[in-house]
Amino acid sequence: MLKSFIEKSMRIEHIGIAIQEATQAQTLFAKLMGVESYKSEEVVEQGVCTIFYALDNTKIELLQSLAPGSPIDKFIQKRGEGIHHIAFAVDDIRAEILRLKAQGFQFINEEPQRGADQKWICFLHPKSTHGVLVELCQDIK
Ligand code: ZN
């Protein structure tokens, strides 16, 4: 039996996909998944426009850069379009940050920031997670 280290395992809240141009990608992913996006939201501080699709039990988030030099712009310049991050839902983001820091994980931002879709978010540094950019997110109530 697998040992559980935390009270309950994490759930994938969404997967973020970096895209070059929203209009075409938005239609393509709607066709692929058979569902229209339910919202589009700009997060100006992070220079990103997000487009969300709700699937069974999880979501897809498309990320388009709003400005040259933004994190998404840099990602696309370096690696091209594609999967950008995996976001895990947590109940208490500050407690999770402390738990993961104690285990040696590194963070890009240790102070939760306001993200899209009514969430507090923070990112683990991909160099501590085998190259995977991991987001933690907690609903803002
Ligand atoms: Zn995200």
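1. Basis of the values. The model is predicted, so local features need pLDDT of at least 70 and side-chain atom pairs count only at pLDDT 80 or more, while totals for chains, interfaces and linings use all residues. Residues are numbered from 1 along each chain as its sequence is written, and side-chain values use heavy atoms, with hydrogens and water left out.

2. Zinc donors. The zinc ion has as its protein donors His14 (NE2), Glu61 (OE), His85 (NE2) and Glu135 (OE), at 2.0 to 2.2 Å. Donors here are N, O and S atoms within 2.8 Å of the metal (3.2 Å for Na, K and Ca); water is not among the atoms, so sites may look incomplete. Along the chain, the donors are spaced as H-x46-E-x23-H-x49-E. Glu61 belongs to strand β4 (residues 58–65) and Glu135 to strand β8 (residues 134–139), so the pair ties together parts that are 74 residues apart in sequence. Helices (H or I, at least four residues) and strands (E, at least two) are DSSP runs, numbered from the N terminus. Glu61 and Glu135 are both buried, where buried means under 20% relative accessible area, exposed over 50%, and partly exposed in between (1.4 Å probe, protein chains only).

3. Zinc geometry. The arrangement of the 4 donor atoms is irregular because the angles they subtend at the zinc ion run from 82 to 165°. Under the criteria applied, four donors count as tetrahedral if all angles lie between 85 and 135 degrees; four count as square planar and six as octahedral if opposite donors are over 155 degrees apart and all others between 65 and 115; anything else is irregular.

4. Helix α1. This helix (residues 22–33) has 12 residues and spans 16 Å from its first C-alpha to its last, close to the 16 Å expected at 1.5 Å a residue; the expected span is 1.5 Å times one less than the number of residues. Its buried residues are Ala22, Ala25, Phe29 and Ala30. They cover an arc of only 135° around the axis, which puts them on the same side of α1; the arc is that of the directions from the helix axis to the C-beta atoms. The face turned away from this buried side carries the exposed residues Thr23, Gln24, Leu28 and Lys31. The buried residues of α1 pack against β1 (11–19), β3 (48–55) and β4, with contact meaning heavy atoms within 4.5 Å. Just after α1, Gly34 has a positive phi of about 70°.

5. Helix α2. In helix α2 (residues 71–79), Ile72, Asp73, Phe75 and Ile76 are buried. Viewed down the axis of α2, these residues fall within an arc of 160°, so they line one face of the helix. Pro71, Lys74, Gln77 and Lys78 are exposed on the other side of α2. The buried residues of α2 pack against β1, β3, β4 and β5 (82–89).

6. Leu136 and Glu96. Leu136, in strand β8, is buried with a relative accessible area of 1%. Not counting residues up to four places away in sequence, Leu136 touches a set of residues including Phe88, Phe107, Trp120 and Glu96. Glu96 is found in helix α3 (residues 93–102) and is buried, at a relative accessible area of 15%. Leaving aside neighbours within four places in sequence, Glu96 is in contact with Met10, Val90 and Leu136.

7. Cysteines. The structure holds 0 disulfides, a disulfide being a pair of cysteine sulfur atoms within 2.5 Å. The sulfur of Cys49 lies 18 Å from the closest cysteine sulfur, in Cys137, too far for a bond. Cys122 is likewise in no disulfide, and the nearest cysteine sulfur, that of Cys137, is 9.2 Å away. Cys49 is buried, with a relative accessible area of 10%, and Cys122 is buried at 0%.

8. Positive phi outside glycine. Asn57 has a phi near 70°, a positive value in a residue other than glycine. Asn57 lies in the loop between β3 and β4 and is exposed, with a relative accessible area of 66%. Gln118, also a residue other than glycine, has a positive phi near 60°. Gln118 sits in the loop between β6 (113–115) and β7 (119–124) and counts as partly exposed at 45% relative accessibility.
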